[in-house]
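Hi,

Here is the structure I promised to pass on.

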Amino acid sequence: MTIAPNRSTSLPARRELSNKPRLSDRVFRGVATGGGLSSLVILGLIFIFLANQGYQVLKSEGFGFITGSNWLVVQDNAGITDLAASEFGIAAMLVGTLLCATIAVIIAIPISVLCALYLTFYAPEVIKRIMVALIDLMAAFPSILFGMWGFFVLMPHAEYWARLLHKYFGWLPFFKMDVDIFERSPFVAGVVLATMIIPIITSISREIFSQTPLDRIQAAYALGSTRWAMIKAVVIPYGRSGVVGGAMLGLGRAMGETVAVYTVLNLVYQINWQVLIGAGGNMASMILLKFGEAGPTEIQALMAAGLALFILTLIVNSIANIIVSKTGSKGR
Amino acid sequence: MTAKIPEVKAKVKPTKPWAPTTRERAVDIGAILLAILGTFIAVGLSELKGKLAYAGVFLLLIISINFIQNYLRSGIAAAKDSIASTFAVAGVLVTLLPIVSILYAIFERGKTGLKFNLFTSDMKLNGPNDPLNQGGLLHALVGSGIMVTIALLISLPIGILTAIYLTEIKGLLTRPIKFLVQSMSGVPSIVAGLFILSAIVFPITKTPSGLMGGFALAILMIPTIARTSEEVLLLIPEDLREAGVALGGTQWRTISQIVVPAAKSGLITAVILGVARVAGETAPLVLVSGGGDAVNLNPAAGPMGSFPFYIWKSFTFGTPESIARAWAGIFILLLLIFALFITARLLGGDRNKK
Amino acid sequence: MTNSTEKETTPSSLSSVAAAAASKKKQSTGAQGVGLEARGIHAWFGDKLVLEDISLDFWSGTVTALIGPSGCGKSTFIRTLNRMHEFIPGAAMAGEVLLNGRDVYESGTDVTKIRLKVGMVFQKPNPFPSMTIADNVLAGLKLAQLKVPNKDDLLEECLLRAGLWSEVKDRLSAYGGSLSGGQQQRLCIARSLAVRPEILLMDEPCSALDPGSTLRIEETISELSSSMTIIIVTHNMQQAARVSDYTGFFLSDGGPGQLVEVGATSDIFSRPKDIRTENYVTGRFG
């Protein structure tokens, strides 16, 4: 490449483009940054304070806090809790939390995805608007409402469904039942949680589906595709990971749920993988249940359990958010 | 160029030839009727029984009828399409089912407990098991109002500042903070309660109070307000900001006097949604608010009642009277949430129209 | 509003390109009758009438270009031809589109079959990013559940006709998005060809491409025109002059778009009958 002679000598020095904000702006930026950092501060404080409270129990139990499945408070004669003799392990509740939340997600995903597909690609405008408003409203229902509805209305039905599952699929290990009691099982809790997270997964899936690039949709239709063939070829590949992210957000919500599970699940402190047996657990509702009559040491143990729940939901939610935002920004 | 007078043509009416014809609709309705008939016959003749059997057999029949009909008319692709459509409609109906069931349950079970004295008295002298014309939820109404207001006073500035940071400042930390705000909205409500206990109640105040309830709710409210406000601020066109700066305004003046006022109704929507989100939070209030039975106007001292606590207490008490109380309480709570939602929608609709 | 089937090559000042093109392809264009016929097409978006009373015949084995300033309804018009118009909420129409003598809007018509016969290439190249080059070409078969005896032959044939075979034959399993813009557009043409349409609609197929790629697409169009009916919407008058046998000029005076004039391309560019056409093709507006 040749260089023009008059340019070979020297380029003009770059001018500094000064963009130094005025004092008022610097103050403003500082304040806004402070506000922005608040979420970091709060999340950090939650971790620090829960860890501080739970420290002694965690230290005494060590790794057994995660792997142990006993919750035994031993008190001496003066009524002071003996930390060394007591046992605090959350394995049973961890298993229960995961079990209920997983059942909920398995039930909710197909329903939510079908619902989102219908709303995005099938529904007439009027029905779509009504349904979207209803689903938004349902997402704002307080969890105690789900708890009461689950207890009074859904539970009898869910028990009947559990019986059917047992009758026809009892040969599967996790549907095994030795006694004829189908009340307050992880399955029932899972069904209640599913109704809670269907609006969440539906609205995220709907948002992702509606971002499907129009030119691809039209290309599929122009090739003589039916609606379903178009969805399979264009929408599903585009939205798949977003739906997975939405499902994980639902999973996070289901894992952290307190009162809706408390009302419909029989809290039993044992590791139980069989979904129809009326014995299960959930970290959040266990904390609520034990909190009422807990002494100082047990409260420390509950704080440690809260810390575990906090970290667990934070991880699940973080992964979910990364997946959803990646799908959203993928664009064309 | 000479102006030509257009010749008057017969007015052509717009049509939608792609809309389903009467015949196609008749075929669809016929298929549904046939499937219903088939369902009753199948369920009647076989061992199957129960609502689930009806639903299952009906779904199976309608799918087969549509499949065969579409296959004969247009081939395999259309037949598969008809299965997908049927499932999509089924998905919506299954989603709708709990919503309708919940709303019906609230209305049906809540109406017996709806008495005027609910709004005039508290539970100072009554237990949950007392007849429904005694006692009320005035204390819960007042307590929830105070706690939500406290939560709002804390989370409104923080939430909106966060949103302003994310949309206007765009610093190095924008992405991580956006991520943290999203993560924060997933914090389980009971953890918020435990946090207030461990950070304030145990080390400092030693006793639960309304203020603590407000703090716990604030933690749950901040991410909702921040995220909704962020979306609202993103909708403000960029040229408005450039115009402000080009006129010689500082960024602070541009944002405080142009951007935020332009987004006002949207920000109010954000606040309303935040309030609706926390108004029914139960678990943290059970831990930190103390849950008194008398009207308590002082958030700093003494237990304070709230809607969710009132409902919770009545529900767990477990007698018919107390459960009727709980349903009535949730009826009123949901009416309030409903009203907040409609207000937010109306404001949001306003914004879209402009 | 009839088309003159005879072509003249008059070396006029404005139309040398059209004339040259017409003389070059004279032997290849054998008009064998009407392939597609639009009768009194009106189109609405909501209450707004955007197209008024368009009647046009498209002859088999010819290329028809639709020109006119933006917003005059050209794209809307060709989207009524393969029933893509109806995807826009609130859309309505009137009139008939006859494909082999049958109205495509007749009730009971399977719309997917219509779109198989009337293919479409869009403004922006839109290959399916989740599919390989080979899968993209054969996507139509999968989408419409068609069976063919030998997929590999079809794949090669379509890519050859779209003028892409030599460039991609060694990387058929690469993803469609890895191609350049011009190659992607030819991939989209190959994709449309795989379902063997009788008519190919092209909605400004070169507007997103560089001049080199545009030239390649135009060559492809010329080669395809011997075996099918092509209707191309373009903003570029040179392009219309280069590739088309017939040209229709659309115009909207603020109201609905109308067909001002249609005729042999060389006539439209050399001896337009309507003063508005002349003003447009000579560059006085638009």
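Salt bridges first: counted over all chains, there are 22 of them, where a salt bridge is a side-chain nitrogen of Lys or Arg within 4 Å of a carboxyl oxygen of Asp or Glu. Before you read on, note that this is a predicted model, in which local features need pLDDT of at least 70 and side-chain atom pairs count only at pLDDT 80 or more, while totals for chains, interfaces and linings use all residues. Residues are numbered from 1 along each chain as its sequence is written, chains are lettered from A and ligands numbered from 1 in the order in which they are written, and side-chain values use heavy atoms, with hydrogens and water left out.

Start in chain B, with Lys178(B) and Glu230(B). Their closest N and O atoms are 2.7 Å apart, and the two form a salt bridge. This pair links distant parts of the chain: Lys178(B) sits in helix 5 (residues 174-184) of chain B and Glu230(B) in helix 7 (residues 210-235) of chain B, 52 residues apart. Are the two partners buried or exposed? Lys178(B) counts as partly exposed because its relative accessibility is 34%, whereas Glu230(B), with a relative accessible area of 9%, is buried. The cut-offs are under 20% relative accessible area for buried, over 50% for exposed, and partly exposed in between, using a 1.4 Å probe and protein chains only.

Glu157(C) and Arg196(C) form a salt bridge, with 2.9 Å between the closest N and O atoms. Glu157(C) lies in helix 6 (residues 151-161) of chain C and Arg196(C) in the loop between helix 8 (181-193) and strand 7 (199-203) of chain C, so this pair ties together parts that are 39 residues apart in sequence. Glu157(C) is partly exposed, at 27% relative accessibility.

Then there is Arg216(C), which forms a salt bridge with Glu219(C) at 3.1 Å between the closest N and O atoms. Both lie in helix 9 (residues 211-224) of chain C, three residues apart, or about one turn of the helix. Arg216(C) is partly exposed at 27% relative accessibility, and Glu219(C) is partly exposed with a relative accessible area of 36%. Salt bridges with shared partners join Glu167(C), Arg186(C), Arg216(C) and Glu219(C) into one network.

Now to where chains C and B meet. Here 21 residues of chain C are in contact (heavy atoms within 4.5 Å) with 16 residues of chain B. About 1500 Å² is buried between these chains, and carbon and sulfur atoms give 62% of that. Buried area is the accessible area (1.4 Å probe) that two parts lose on being put together, summed over both. Which residues of chain C lose the most area to chain B? They are Trp44(C), Met93(C) and Gln145(C), together giving 27% of what that side buries.

What holds for charge pairs and polar pairs there? The count of salt bridges between chain C and chain B is zero, but four residue pairs are in polar contact across the interface, both residues at pLDDT 80 or more. A polar contact is a pair of N or O atoms within 3.5 Å; within protein, one must be able to donate a hydrogen and the other to accept it, and residues adjacent in sequence count only if both atoms are side-chain atoms. On the chain C side, strand 4 gives the most, with four residues.

Last, the domains of chain B. The assignment, automatic or from a database, gives domain 1 (23-112) and domain 2 (138-353). Their centres, taken over C-alpha atoms, are 41 Å apart. Eight residues from domain 1 of chain B and six from domain 2 of chain B make the contact. The area buried between these two domains is about 570 Å², with 85% from carbon and sulfur atoms. Ile106(B), Arg109(B) and Gly110(B) supply 70% of the area that domain 1 buries against domain 2, more than any other three residues. Between the two domains there are zero salt bridges.

Cheers

Technical notes:
Helices (H or I, at least four residues) and strands (E, at least two) are DSSP runs, numbered from the N terminus.
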